[in-house]
Structure formats: C-alpha cells, structure tokens
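Biologist: I have a model open and want to learn to read it. Can you take me through some features, one at a time?

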Amino acid sequence: MIHADALHASTLAPLERWLTSPRVSGLPDQSAAAAPPALSFEFFPPKTEGLEAQFWACIKRLAPLAPRFVSVTYGAGGTTQGRTHALVARLAAETTLPPAAHLTCVGATREEVDEVARRYWAAGVRHIVALRGDMPGGVDYVPHPGGYAYAADLVAGLRRVADFEISVAAYPETHPTAASPAADLDNLKRKLDAGATRAITQYFFDTTTYLRFLDRALAAGITAPIVPGLLPVSNFAQVAKFSAACGTSVPAFLGRMFEGLDDDAETRRMVATVVAAEQVRLLQANGIDEFHFYTLNRPDLVYAIAHILGVRPKAPATV
Ligand SMILES: Cc1cc2nc3c(=O)[nH]c(=O)nc-3n(C[C@H](O)[C@H](O)[C@H](O)COP(=O)(O)OP(=O)(O)OC[C@H]3O[C@@H](n4cnc5c(N)ncnc54)[C@H](O)[C@@H]3O)c2cc1C
C-alpha cells in the first residue's frame, strides 16, 4: 500500500516538497548556559614502551576535558592484570583524574579477585568496572571453580571488600550468549540491585535500538544511568569484523559512509568525526547527558566529538 502523503509528496515540485515535508526536531541547546555533558574515557593497557608513551600522551590530551572518570580495561582471561594494575595505580597516584579499574571473573578464585580489589583500594582506587569477562581464545565461558561465576556475583563480592563505586556492562542489542533479551535485562537489574550504580553499554551504531533499550530498562524498574558507550570509527573494516564477534550490528549506512576510503585515511578521519558527531548530537537531542568513549588510546577524534558536545577544556589537570 502507498501512503497518501507519499503519493502527494511524489507529485510536488522540489521546493514545495522540501518545505512541506516533516521538519526534524531542533538540535540540542548549546548556549553558554546549557550544562555540558559528563564524559568518561576508556583505555586499554599498552603492550610496549612506545605504546605506553602513546597512552600517557592520550591521557594528557583528554585530561583537560575533566572526565568524570578514566577507565583501564582488563585483558581477556585477566592477561593484563599486572599492567592494568600498574597503570590504574599510577593514574591514582600521579594525576588528578579519577581512575576506574576493569576487573573480571575469568580464571581466578574469589579470594584472588578480592585480593586484587583490596590492592586497588589500598592504592587509592575507588571505582571498579565489574565484568564477567570472556575466556581467552574465544572458547565458551566456563566459570572458574571457586570463582565468581557472573558479573552480578562479582558486584556482590566487591561490595563486601570495600565501598567501591561500581559500574557494569549493558547490551542494547542483547549479550550474544544471553538466553533472551528479557533474561539479559533481568541480569542487568541483578547487577544494579547487587550494588552497581551505573551501567555502560557495549558500543552501538543504531541509536534507536539504544533508546528503545532505555525504555525497556525503565519499564523493568531500572533507574540507574545506562551510559552510552561510543566507539568513534576510523577503521571501518576492523570495526565491522570486531562488531560481528560482540553482537553489535553495523547499519548499512555506515558501510556506505566509508565506501571507497580504504586507502584515504584523511577523508576517513573526517567522515568518522561527522558520523560520531551525528550520533552524539542525536543522543543529546534525546536527553542523554552522559557519554562513555572507547578511545582505543587515540585522543583526537574523541577530543573533537567532546568539543562538538559542548565540552571545553578546564584548568590544566595534573598529569
Ligand atoms: C563497558 C564494557 C567494558 C568491558 N570491559 C572488558 C574488560 O576490561 N575485559 C574483558 O575481558 N571484557 C570486557 N568487556 C566484555 C565483557 O567481559 C563481555 O561482554 C562478557 O562476555 C560479558 O561480561 P558481563 O560483565 O556483561 O557479563 P554478565 O553480566 O555476567 O553476563 C554474561 C552473560 O551471562 C548471562 N548470565 C548472567 N547471569 C547468569 C546466570 N546466573 N545464569 C545464566 N546466564 C547468566 C547474561 O545474560 C549474559 O549473556 C566489557 C564490556 C563492556 C560493555
């Protein structure tokens, strides 16, 4: 069936059609009086000295944006435990940025995980991103005998160790191995009920799916913030491959945006900024005022997007 409006529109002259078609809503208010959004940045622990210098350069560049926290991931199976701890402890000791340490359940007993958490607390780290984690090598997840089985158990365990601020993961497109979207949402609620104060989402490109997920979460009685985790894309081929593994759908428009740009890094970067800016502005227009960025230890794109969101550098942070 063809809708009468569509039939009407197809018979109009261009200018008439432009001026009578539905108007998009206004862009969010960015007057000086409007409060800028709260940001957080995620980094991974670098493997080499050269990459470590890049990590600190990235921290230095983003620090003046006064993030609410900066977090450092934990490698699959706890493989980066030492490096993650060293970086987070150094962030706590040498900078004014509030650090958060990612911690997983994989491959360790409860006592071992609790000990890592106690060391964080002793180092002045007050925020943990509590995750189940994945097995190294992509094999199916099996809880460690004597370990925390799922993230909700880890959250409960951390609450017994110390008065940490705890963030957990959320999946607008459902975790790939969840029994159902409803079971996954129940799991998110269990994590928050166990003592987490915020969820951070897996990255997504389909903003509508995220906003619907917020509706479902609210209907399920969740009121804690479910902060959008955003991955600014500059290497489309890599992101498409990675997304298939973590259950993030890649809309056709994104492929078209990067079509033919494989050998043109500069245009790719410009397109990437526009794509990410559109996504954050749309989220902002829908009332979202907290954003978490997967920086991949590269600051420029994130800095530009933060600027577009209305965030301006504050007094130089101590880094
Ligand atoms: C913001 C963010 C940061 C991340 N950082 C890291 C990191 O630093 N290191 C890392 O290795 N990984 C990281 N991950 C990936 C994460 O570890 C994986 O996605 C992992 O597969 C699930 O972790 P979770 O904490 O969401 O698990 P959970 O919340 O425990 O859920 C995992 C799955 O099990 C199901 N489930 C939960 N409880 C039960 C139960 N009792 N019985 C049966 N099924 C159950 C859930 O529905 C879900 O399908 C991160 C993900 C996000 C979104």
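Biologist: At what angle do helix α6 and α7 pack?

Modeller: This is a predicted model, where local features need pLDDT of at least 70, side-chain atom pairs count only at pLDDT 80 or more, and totals for chains, interfaces and linings use all residues. Residues are numbered from 1 along each chain as its sequence is written. Helices (H or I, at least four residues) and strands (E, at least two) are DSSP runs, numbered from the N terminus. Axes are lines fitted to C-alpha atoms, for helices over the stretch in contact, and angles run from 0 to 180 degrees between N-to-C directions. Here α6 (residues 151-161) and α7 pack at about 5°, with axes 8 Å apart. That makes α6 roughly parallel to α7. Angles under 35 degrees count as roughly parallel, over 145 as roughly antiparallel, 65 to 115 as roughly perpendicular and the rest as oblique.

Biologist: Which residues make the contact of α6 and α7?

Modeller: Two residues are in contact if their C-beta atoms, placed from the backbone, lie within 7 Å. From α6 come Ala 151, Ala 152 and Val 155. From α7 come Asn 187, Arg 190 and Lys 191. They divide into three nonpolar, one polar and two charged. Ala, Val, Leu, Ile, Met, Phe, Trp, Tyr, Cys and Pro count as nonpolar, Asp, Glu, Lys and Arg as charged, and the others, Gly among them, as polar.

Biologist: Now the sheet. What is the order of the nine strands?

Modeller: Strands of a sheet pair through backbone hydrogen bonds, either parallel or antiparallel. Two strands count as paired if DSSP finds at least two bridges between them. This open sheet has the order β7-β6-β5-β4-β3-β2-β1-β9-β8, with parallel pairing. β7 and β8 (229-230) stand at the edges with a single partner strand each, so one side of each has no neighbour in the sheet.

Biologist: Which residues of β6 stand opposite residues of its partners?

Modeller: Start with β5 (residues 165-170), which pairs with β6 over four parallel bridges. Ala 169 has Ile 200 as its bridge partner. Val 168 stands opposite Ala 199, and Ala 170 opposite Thr 201. On to β7 (residues 226-227): β6 pairs with this strand over two parallel bridges. There Ile 200 stands opposite Val 227.

Biologist: How does the chain cross from β6 to β7?

Modeller: Through helix α8 (residues 207-219), in a right-handed β-α-β crossover. A crossover is right-handed if, with the strands pointing away from the viewer, the path from the first strand over the helix to the second runs clockwise. From β5 to β6 the chain passes through α7 (residues 181-193), and that crossover is right-handed.

Biologist: Are the faces of β6 buried or exposed?

Modeller: A residue is buried if 20 or more other C-beta atoms lie within 10 Å of its own, exposed if 12 or fewer, and partly exposed in between; C-beta atoms are placed from the backbone. Both faces of β6 (residues 198-201) are covered. Arg 198 and Ile 200 are buried on one side, Ala 199 and Thr 201 on the other. In β5, five of the six residues are buried, so the strand is largely enclosed by the rest of the structure.

Biologist: Last, backbone angles. What is the phi of Ala 66?

Modeller: Most residues other than glycine have a negative phi. Ala 66 has a positive phi of about 50°. Ala 66 lies in the loop between α3 (49-62) and β2 (69-72). With 17 C-beta neighbours inside 10 Å, Ala 66 is partly exposed. Leu 296 also has a positive phi, near 55°. Its loop runs between β9 (290-294) and α12 (300-308).
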